[in-house]
Amino acid sequence: LAGKTKELLGLVASMVLRCDDCISYHIDACVHAGCSDEELWEAFDIALIVGGSIIIPHLRRGVEFLDQARSEMAK
């Protein structure tokens with residue numbers, strides 16, 4: 001599997017396991033690997049389907065992590 005795909009899979013697994021540290025790590029890695037926002041949102045959707053509504057707070061924090069990562073990349 002390509003590195004980008006592995007990071008997206010890691011992100012989904014981290015969201016389902018509800019590990020905020022892991023989520024932020026994989027979001028940062030996804031951004032650096034060149035994942036588009038569309039790809040990340042698709043991964044978020046998959047995590048929500050697999051993990052259920054209990055992951056919503058982690059999903060929200062994941063969006064905040066994504067915003068931070070995009071801001072840092074823009075610098």
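**A note on the helices and their core**

1. Let's start with a pair of helices: helix 1 crosses helix 3 in a right-handed way. A crossing is right-handed if the near helix is turned clockwise from the far one by less than a right angle, and left-handed if anticlockwise. Helices here are DSSP runs of H or I with at least four residues, numbered from the N terminus. Please keep in mind that this is a predicted model, where local features need pLDDT of at least 70, side-chain atom pairs count only at pLDDT 80 or more, and totals for chains, interfaces and linings use all residues. Residues are numbered from 1 along each chain as its sequence is written, and side-chain values use heavy atoms, with hydrogens and water left out.

2. Now for the geometry of that pair. Helix 1 covers residues 3-17 and helix 3 covers residues 37-51; they pack at an angle of about 35 degrees, and their axes are 9 Å apart. Axes are lines fitted to C-alpha atoms, for helices over the stretch in contact, and angles run from 0 to 180 degrees between N-to-C directions. Contact means heavy atoms within 4.5 Å. Helix 1 brings residues including Leu-8, Leu-11 and Met-15, while helix 3 brings, among them, Leu-40, Ala-43 and Phe-44. Sorted by class, this contact holds 11 nonpolar, 1 polar and 2 charged residues. The nonpolar class is Ala, Val, Leu, Ile, Met, Phe, Trp, Tyr, Cys and Pro; Asp, Glu, Lys and Arg are charged, and the others, Gly among them, are polar.

3. Which residues have the most contacts inside the largest nonpolar core? They are Leu-11, Met-15, Ile-27, Leu-40 and Phe-44, in a core of 17 residues. Such a core is a set of buried Ala, Val, Leu, Ile, Met, Phe, Trp, Tyr and Cys residues joined through side-chain atoms within 4.5 Å. Buried means under 20% relative accessible area, exposed over 50%, and partly exposed in between (1.4 Å probe, protein chains only). Helix 1, helix 2 (20-33), helix 3 and helix 4 (56-74) each give two or more residues to this core.

4. Phe-44 is worth a click in the viewer. Setting aside residues up to four places away in sequence, Phe-44 touches Leu-11, Met-15, Ile-27, Leu-59, Gly-62, Val-63 and Leu-66.

5. Asp-20 sits in helix 2. Beyond its neighbours within four places in sequence, Asp-20 is in contact with His-58, Arg-61 and Phe-65.

6. Thr-5 lies in helix 1 and counts as partly exposed because its relative accessibility is 34%.
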